Amino acid sequence: MSGDKQAEGEFIFLYSTFGSPEEAERAAEVLVRERLAACVNIHPGMRSVYEWKGTVEKAAEAAIFIKTRAALKEKVMARLRALHPYEVPAMLVLPIAGGNEDYLDWARGQTQG
């Protein structure tokens, strides 16, 4: 069975944003330590424009991509919500269709289940 077939639907990216790279890194460390994420990529220096409670806001943010198993989605989202400073954090799930088998094997070994 090819890596793409094995991994189809098994892994997800969970995307979120934080007010600073430091906040993002604190959450990322917890998720990795607790084996809820194989890896978390932090992209600092992002600029967001959004409406919040009737006012257009502009803010510097750090985006994160959490690499995890689809089966852990609810656990990861619950833990991320508990760690997150935002009242309504973005938590968007992006499916991963497949990838190189050696990386996916590593990711399996780094996450629960």
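Colleague: In which loop is the place of Lys53?

Modeller: In this predicted model, Lys53 has a positive phi near 55° and belongs to a hairpin with two residues between its strands. The strands of that hairpin are β2 and β3. The place of Lys53 is accordingly given as the loop between β2 and β3.

Colleague: Is Lys53 buried or exposed?

Modeller: A residue counts as exposed when its relative accessible area is over 50%. For Lys53 the relative accessible area is 63%, so Lys53 is classed as exposed.

Colleague: How many bridges join β2 to β3?

Modeller: The two strands run antiparallel. One of the residue pairs across them sets Met46 opposite Glu61 in β3. The number of bridges joining β2 to β3 is twelve.

Colleague: Which residue in β3 is the bridge partner of Tyr15?

Modeller: Strand β1 covers residues 11-18 and strand β3 covers residues 55-69. They pair in the antiparallel sense over eight bridges. Phe11 stands opposite Arg69 in β3, and the partner of Tyr15 in β3 is Phe65.

Colleague: What is the order of the four strands in the open sheet?

Modeller: The pairing in the sheet is antiparallel. Strand β3 is joined to β2 by twelve bridges and to β1 by eight bridges. With β4 included, the order is β2-β3-β1-β4.

Colleague: Why is one side of β2 and of β4 left without a neighbour in the sheet, and where do these strands stand?

Modeller: Strand β2 comprises residues 39-52 and strand β4 residues 92-96. Each has a single partner strand, so one side of each lacks a neighbour in the sheet. Both strands stand at the edges.

Colleague: Which strands does helix α2 touch, and what angle does its direction make with that of β2?

Modeller: Helix α2 comprises residues 21-33 and packs on the sheet. The strands touched by α2 are β1, β2 and β3. The angle between the direction of α2 and that of β2 is about 135°.

Colleague: Is Arg35 exposed or partly exposed?

Modeller: Arg35 is found in the loop between α2 and β2, and its phi is near 60°, a positive value in a residue other than glycine. Most residues other than glycine have a negative phi. The relative accessible area of Arg35 is 35%, which lies between the 20% and 50% limits. Arg35 is therefore partly exposed.

Colleague: Which residues make the nonpolar surface patch of about 280 Å²?

Modeller: Val88 is found in the loop between α3 (73-83) and β4. Val88 is exposed, with a relative accessible area of 53%. The patch is made by Val88 together with Tyr50 and Trp52.

Colleague: In what order do the elements of the protein run from the N terminus on?

Modeller: The protein has four helices and four strands. From the N terminus on, the order is α-β-α-β-β-α-β-α.

Colleague: What percentage of the 113 residues of the protein count as buried?

Modeller: The C-alpha atoms fill a box of roughly 50 × 25 × 25 Å along the principal axes. The protein exposes about 6,600 Å², of which carbon and sulfur atoms supply 54%. To count as buried, a residue must have under 20% relative accessible area. The percentage of residues that count as buried is 36%.

How values were computed: Residues numbered from 1 in each chain as written. Predicted model: local features only at pLDDT ≥ 70, side-chain atom pairs only at ≥ 80, totals over all residues. Heavy atoms only, no water. Pairing = 2+ DSSP bridges. Contact = heavy atoms within 4.5 Å. Axes fitted to C-alpha atoms, helices over the stretch in contact; angles between N-to-C directions. Patch = residues over 30% accessible without salt bridge, like charges linked within 9 Å, V, L, I, M, F, W, Y side chains within 5 Å. Areas by Shrake-Rupley, 256 points an atom, 1.4 Å probe, with all protein chains shown as cover. Salt bridge = Lys/Arg side-chain N within 4 Å of Asp/Glu carboxyl O. Buried < 20%, exposed > 50% of the residue type's maximum accessible area, 1.4 Å probe, protein only.
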